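Me: I've got a structure to go through before class. Can you walk me through it?

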Amino acid sequence: LNQRGFRIGHLVLNVFLVALVALAAAVAIVPRVTGAVPLTVLSGSMQPTFRPGDLVIVRPTASENLEIGDIVTFQPHSGVATLITHRIIDITADEHGSIENIITQGDANNAPDQPLRPEQIMGRVWYSVPLVGHITNGRNALIAISAVGLALVSYAVVLFVKKDDADHPEGGATELGNQS
């Protein structure tokens, strides 16, 4: 490898590793530390806001802090593991101001969902990471972990070659100098 090629390769690997660490922080570390949950979008009901395969990070939110326009994740039926992420289009309250019903609708849907009780709301979408859900689900997770491992091994090899080149200057011979 020539010196310029090595520097470019080193820069590319560094940028890749920094991006990988930032991505890991966004999808794993930040949610865990804040009590949020990463969830993969499975349907197109929220297009163009979210597409299938996007990862949404949902943070628990008290029902009194919800507003029309918020995107929330909810459990439509008690005892069923299905979760849906849609936008709040209406909130109704009783005469004391307590929330009775929350009406949601997918951005791509023509009709609203059935009214929800506040306890059905898991939380509000905090942020999303496009396409990452494809990587974090099932078989693709093994491929992603393998790619990360390969990148780290490649980085180690590059550092080893660089150290070896520094230990043996061009030509491979060393100059002993004059020993008078």
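Reply: We can start with the overall fold, then go on to the sheet, the salt bridges and one serine. Keep in mind that this is a predicted model.

Me: OK. How many helices and strands does the chain have?
Reply: The protein chain has 3 helices and 6 strands. Along the sequence the pattern reads α-β-β-β-β-β-β-α-α.

Me: What share of the residues is buried?
Reply: The protein chain has 180 residues, and 25% of them count as buried. The accessible surface comes to about 11800 Å². Carbon and sulfur atoms account for 60% of that surface.

Me: What about contacts along the chain, how far apart in sequence are the partners?
Reply: Take the contacts between residues at least 6 apart in sequence. Of those, 52% join residues at least 24 apart.

Me: Now the sheet. What order do the strands come in?
Reply: The order is S1-S2-S6-S3-S4-S5. It is an open sheet of 6 strands, and the pairing is antiparallel.

Me: Which strands sit at the edges?
Reply: S1, residues 37-40, and S5 are the edge strands. Each of them pairs on one side only. From one strand to the next, the twist averages 50°.

Me: What holds paired strands together in general?
Reply: Strands of a sheet pair through backbone hydrogen bonds, in a parallel or an antiparallel way.

Me: How many bridges does S3 make with S4, and how many with S6?
Reply: S3 is joined to S4 by 4 bridges. With S6, S3 has 3 bridges. Both pairs run antiparallel.

Me: Which residues stand opposite Thr73?
Reply: Thr85 in S4 stands opposite Thr73. In S6, Gly123 stands opposite Thr73 as well. Phe74 has Ile121 of S6 opposite.

Me: Are the faces of S3 covered or open?
Reply: Both faces of S3 are covered. Ile71 and Thr73 are on one side, Val72 and Phe74 on the other, and all four are buried.

Me: And the other pairs, how many bridges there?
Reply: S4 and S5 are joined by 6 bridges. S2 and S6 pair over 5 bridges. Both pairs are antiparallel. Arg59 stands opposite Arg124 in S6.

Me: Switching topic. How many salt bridges are there?
Reply: The structure holds 3 salt bridges. One of them joins Asp70 to Arg124, with the closest N and O atoms 2.8 Å apart. That pair links distant parts of the chain, 54 residues apart. Asp70 is in the loop between S2 and S3, while Arg124 is in S6.

Me: Is Asp70 buried or exposed?
Reply: Asp70 counts as buried because its relative accessibility is 14%, and the cut-off for buried is under 20%. Arg124 comes out as partly exposed, at 25%.

Me: What does Asp107 pair with?
Reply: Asp107 forms a salt bridge with Arg87, and the closest N and O atoms are 2.8 Å apart. These two are 20 residues apart and also link distant parts of the chain. Asp107 is in the loop between S5 and S6, and Arg87 is in S4.

Me: How accessible are those two?
Reply: Asp107 is partly exposed, with a relative accessible area of 31%. Arg87 is partly exposed too, at 24%. Arg87 also has a bridge partner in S5, namely Gln105.

Me: And the remaining salt bridge, which residues form it?
Reply: Arg117 and Glu119 form it, with the closest N and O atoms 3.9 Å apart. That counts as a salt bridge because the limit is within 4 Å. Arg117 is partly exposed at 39%. Glu119 is exposed at 63%.

Me: Last topic, Ser45. Where is it?
Reply: Ser45 is in the loop between S1 and S2.

Me: Why does Ser45 count as buried?
Reply: Ser45 has a relative accessible area of 14%, so it falls under the 20% cut-off.

Me: What does Ser45 touch?
Reply: Leaving out residues up to four places away in sequence, Ser45 touches Thr85, His86, Gly106, Asp107, Ala108 and Asn109.

Note on methods:
Residues are numbered from 1 along each chain as its sequence is written. This is a predicted model: local features need pLDDT of at least 70, side-chain atom pairs count only at pLDDT 80 or more; totals for chains, interfaces and linings use all residues. Side-chain values use heavy atoms; hydrogens and water are left out. A salt bridge is a side-chain nitrogen of Lys or Arg within 4 Å of a carboxyl oxygen of Asp or Glu. Buried means under 20% relative accessible area, exposed over 50%, partly exposed in between (1.4 Å probe, protein chains only). Two strands pair if DSSP finds at least two bridges between them. Axes are lines fitted to C-alpha atoms, for helices over the stretch in contact, and angles run from 0 to 180 degrees between N-to-C directions. Contact means heavy atoms within 4.5 Å. Accessible areas come from the Shrake-Rupley method with a 1.4 Å probe; for residues, only the protein chains shown count as cover.
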